[in-house]
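Have the structure open as you read.

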Amino acid sequence: MAIEKIIILEGDAIVRNSLESYLRRCRFDVASTPSVPVALDYLSRDNFDIFFMDLSLRNGRGTDLLREIQMRAQRPLVIVTTSIGSIESAVDCIRNGAFDYLIKPFSNEQIEIALRRTEEFSQLVRVNRYLSQNDRTQELLGCSPETENIRQLIRKVARTQATVLIQGESGTGKEVIAQEIYQQSSRSNAPFIKVNCAAIPENLIESEFFGHEKGAFTGAVNKREGRFELAHGGTILLDEISEISQGTQAKLLRVLQEREFERVGGNRTIKVDVRVIATTNRNLQQGVERKEFRQDLFFRLNVVPIYVPPLRERPEDVLVLKREFIRSFCRQHGINVRGLTDEAVRMLTNHSWPGNVRELQNVIERAIILCGDNGMMGPEHLGLAIPERAALPLAGVEPTTFAGQGENKIPSLAEIEKNHILATLKFCNGNRTHAADLLNVSIRTLRNKLHEYNGTAPKPAKADKQSLPS
């Protein structure tokens, strides 16, 4: 529930007491007063969601108070209460920022309708704020039998409310498939909220999922709704679900089973109606066997499994994706290329694409920029052929690799792993995201390993961005 705290500023004691009694029965936190200074003191000490404001006040005019409220960074939605003789004043208040008004005397049903409108509006505001920062619309492209099978499965599962688990290598398009399920579902007009579990620090992920109350921890200066609350009535995408800890897994299991939770630092149980789609680049069944992932959570997520094959197993899709990326990046960069040479096309279709669709996307964008206007993209623009001297070594397998241990000492597996990780990071110029993709581990696993090695990792290039791709 989005609405929790309500303040009542009402000069009529009967109306004030009746409204307060009804709201408390509805389990809202209510502060009530007939005084403007007291109401302002309440607002300065806490964040309220709704402000019921009486226009006919003996110690302050409602319109003046409304203007003052609109100047605040954290301001509640205002519902003015008025008598029949002052409807014009109520309309004037709405023009100046009030959300709604009630004509006295009003019934409990009218209060309920006003609260419902307010809650729906608050939800829209929060979701639109989130989507304005995160929204990207993509389409599932490809003509291979594997892609067509996925399309058919999407059509079947989209019209249901079933939880979906999408598995596949990094960069194969799992998020695009999740978005297709959402767009074809009955919840397509409701929120679609994405959470990248691997990109959120462990100490913050519970707050991201479930929100927190003001003062729940250092830095929690305001109440904050979590992603599950934002997704109420819609769909939530839990990207890289395998990266959450066992403790968070237990809390997530409760949400999937009961559709309820509490915010961090709170004791109010919040119920939500959400559809869950999860993605992972790991084999969760193996994670269950290794005791890294809860079996009961796996069963809850794996209601409808979708496996996305890597791009090397569906070469027919390469040329379809290539055409779309050329069209998109030519428009984005204002460059008009004539096409690709036959040799460049052969190179694209023969490449193994360890980075899958994301790698192909980057290769095409780079080639367009290097080729320039009216040029033909050739192998020299693709940059796929890696010189022999640049090949990635398997570090740590030579006995002489470890100084001070003697030429005949065989390194331990942990030593080989450490040296190979550091060599891979050096090969990627310190870019942890690229290194994690090459090593086929999550960015969080790589970060933990480097923490173990106590700062011996190569530093990233200044121009490099280490943000985890979605």
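Start with two phenylalanines: Phe209 and Phe228 are both buried, where buried means under 20% relative accessible area, exposed over 50% and partly exposed in between, using a 1.4 Å probe and protein chains only. Keep in mind that this is a predicted model, so local features need pLDDT of at least 70 and side-chain atom pairs count only at pLDDT 80 or more, while totals for chains, interfaces and linings use all residues. Residues are numbered from 1 along each chain as its sequence is written, and side-chain values use heavy atoms, leaving out hydrogens and water.

Now for the rings. Phe210 and Phe228 have ring centres 5.8 Å apart and planes at 25 degrees, so they are stacked; rings of Phe, Tyr and Trp (its six-membered ring) pair if their centres lie within 6.5 Å, with planes under 30 degrees apart counted as stacked, over 60 as edge-to-face and the rest as tilted. This pair links distant parts of the chain, with Phe210 in helix H8 and Phe228 in helix H9, 18 residues apart. Helices here are DSSP runs (H or I, at least four residues), numbered from the N terminus. Phe210 counts as buried at 2% relative accessibility, and Phe228 has a relative accessible area of 0%. Ring pairs join Phe209, Phe210, Phe228 and Phe261 into a cluster.

Next, find His351 in the loop between helix H14 (342-350) and helix H15 (356-371). Setting aside neighbours within four places in sequence, His351 is in contact (heavy atoms within 4.5 Å) with Glu359 and Leu384.

Key. Helices (H or I, at least four residues) and strands (E, at least two) are DSSP runs, numbered from the N terminus.
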